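Reader: Could you walk me through how to read a few features of this model? I'd like the general idea, then the case at hand.

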Amino acid sequence: MLTGRMMDFPLTLTHFLERARTFFGKSELVTCLVDKTECRMSYEEFSARTGKLANALTHKLGIKAGDRVATLAFNHQPHLEAYFAIPCVGAVLHTLNLRLHPTELGYIAKHGEDVVVFCDEALLPLLEKFRADVPSLRKVVVFRNDPKAPRSTPLPEGFLDYEDLIAGEPSHFDWPRLEENSAAMLCYTSGTTGNPKGVLYSHRSIALHTLVIMSRENMGIAGDDVILPVVPMFHAAAWGTPFAAVAAGSKLVFGGGHFDAVTLLDLMAKERVTFAAGVPTIWIGILSALDAEPKRWDLSSMRTMAIGGSAAPPALIDGFSTRHGLEVTHAWGMTETQPVGTMARIKPNLRGGSPEQLLALRASQGFAVTFVEQRHTDETGKVLAWDGETMGELEVRGPWVAKSYFGDEGKDRFTADGWFKTGDVVTIDAEGYVRITDRSKDVVKSGGEWISSVQLENALMAHPAVLEAAVFAARHPKWDERPVAAIVLRPGKAATEAELAASIEGKFAKYWMPDRFLFVETIPRTSTGKFLKSRLRELYGEVLMK
Ligand code: ADP
């Protein structure tokens, strides 16, 4: 082999951090505090504070290369400082999902062998519920709600105040030259099946993922963007948006612990947000608020809103675009893919399609982003045809796809020929567009046939009276399982079971039609804000057996 003569320059987060310090000092960071006032700082201050934190980590807290340092925190600027200082000193940032049960958090922090945790003051009661389960944990550092305000309440004995920790430290830090394959970040899957599993991202995998999501082909994140990651920083690194924002020097807006539609819309309008990212349940609430008061918010700055984490219903995408002139970018991914794997872009050769065809493409999961490869297989591992009809399990590979879990779990998710089995049931069409019909554990298996809950939900959510619809498998004496739809109606709207059935009749084979429509107040959510089908099955799984 003739080796190329180019520099072996490591792809690390340190480069993004130093680049931001060198070029983007005037860019802004805004955090919405508990009382909805804002804390504003410049990137210059952020860089200085990150340097101080790096000094404190290494000198005061004794953090060494490879140590796992956890965060239990909402989205805010000090969390971003931890996002960079921890990996760039050579340690591993471990983001804990604060919506998990304390038993799971204890399991995850123990499994990750976290030595220090940076915790929001408001989350200290949660930390107390599992702290004793984590023998490796030596120190707790507490983020103040407002970094600029003095602490009003004393901290528990032995806990450190984040601002005090960094206050006396120099802002300059001699960042080590890290190997690009060294571990940077640890994220656990939510564990809806079995124990949560750790996915250990490297500097290189994050750097490459960042560059690809920054490209115009994908999210197109650039210095003139104002980015609001609604998706929490504990959910698959907020889909990489904090890294991309710092790499580009974009203004970043953090919602703190606020997830309600009105506060988010106020922030978008006030800060002139151009790019926001979140799961469909967030956007369903936002669309509903916009529909109720279409003139209240000026969102003319918004370039696009990334939706992922579960399927974005076509009615949602269409509602934003036709009623409010807002564009949605639908993406698919998983914790194991860091997370962006595919994105629904319309290829130039398909742009002449009818509005229905274009909406169907936007609502698909799209095709693999650069450097990610996709295929789908049957139960025997046979690779299936891209005919838009044959269902199989999606498999992916690429430089930001896990090659194993952190620990011994889940070896069966990795194929002998180097692919990761996603557990998602999909079709792939001749153009390469992936359509998720279900997660394998949510698919309804009726008399040996598979019924796609996602397609039924999408059709039901197009009904004007339906705010949310989740279709799940209920046990059935004859067919094993049959689809049942849990429906949340829009406030002030009404619909009967028969009307809902009639609205989707003819769109699917007869045997796909849900046996029941259950009108419910709310649909239970997972820790990452998705519909929790397993809970629906627990609550209503027997309705057809009576
Ligand atoms: P969890 O949902 O278990 O908390 P992840 O965030 O890693 O953890 O979830 C990954 C899963 O979310 C995927 O396997 C897929 O089932 C689902 N998902 C993600 N994005 C989409 C999408 N755009 N459309 C449909 N399903 C999606």
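Author: What follows takes up domains, a helix, a histidine and some aromatic rings. This is a predicted model, in which local features need pLDDT of at least 70, side-chain atom pairs count only at pLDDT 80 or more, and totals for chains, interfaces and linings use all residues. Residues are numbered from 1 along each chain as its sequence is written, and side-chain values use heavy atoms, with hydrogens and water left out.

Reader: Which domains does the assignment give?

Author: Domain bounds come from an automatic or database domain assignment. Here that gives domain 1 (41–202) and domain 2 (444–540). Their centres, taken over C-alpha atoms, are separated by 40 Å.

Reader: Which residues of helix H14 are buried?

Author: Helices (H or I, at least four residues) and strands (E, at least two) are DSSP runs, numbered from the N terminus. Buried means under 20% relative accessible area, exposed over 50%, and partly exposed in between, with a 1.4 Å probe and protein chains only. In H14 (residues 497–504), the buried ones are Leu500, Ala501 and Ile504. Down the axis of H14, these buried residues fall within an arc of 100 degrees, so they line one face of the helix. That arc is taken from the directions from the helix axis to the C-beta atoms.

Reader: What covers the buried residues of H14?

Author: Go by contact, meaning heavy atoms within 4.5 Å. The cover includes helix H13 (453–460), S23, strand S24 (480–489) and strand S25 (516–519).

Reader: Is His476 buried or exposed?

Author: His476, in strand S23 (residues 466–476), is buried, with a relative accessible area of 17%. Its side chain reaches the backbone nitrogen of Lys478 at 3.0 Å, and that of Trp479 at 3.0 Å as well. Leaving aside neighbours within four places in sequence, His476 is in contact with Glu481, Arg482, Asp515, Leu544 and Met545.

Reader: How many aromatic pairs does the structure hold?

Author: Rings of Phe, Tyr and Trp (its six-membered ring) pair if their centres lie within 6.5 Å; planes under 30 degrees apart count as stacked, over 60 as edge-to-face and the rest as tilted. The structure holds 16 such pairs. Take Phe173 and Trp175: the ring centres are 4.8 Å apart and the planes at 65 degrees, so the pair is edge-to-face. Both Phe173 and Trp175 are buried. There's also an aromatic cluster formed by Tyr43, Phe46, Tyr83, Phe84 and Phe243.

Definitions and conventions
A polar contact is a pair of N or O atoms within 3.5 Å; within protein, one must be able to donate a hydrogen and the other to accept it, and residues adjacent in sequence count only if both atoms are side-chain atoms.
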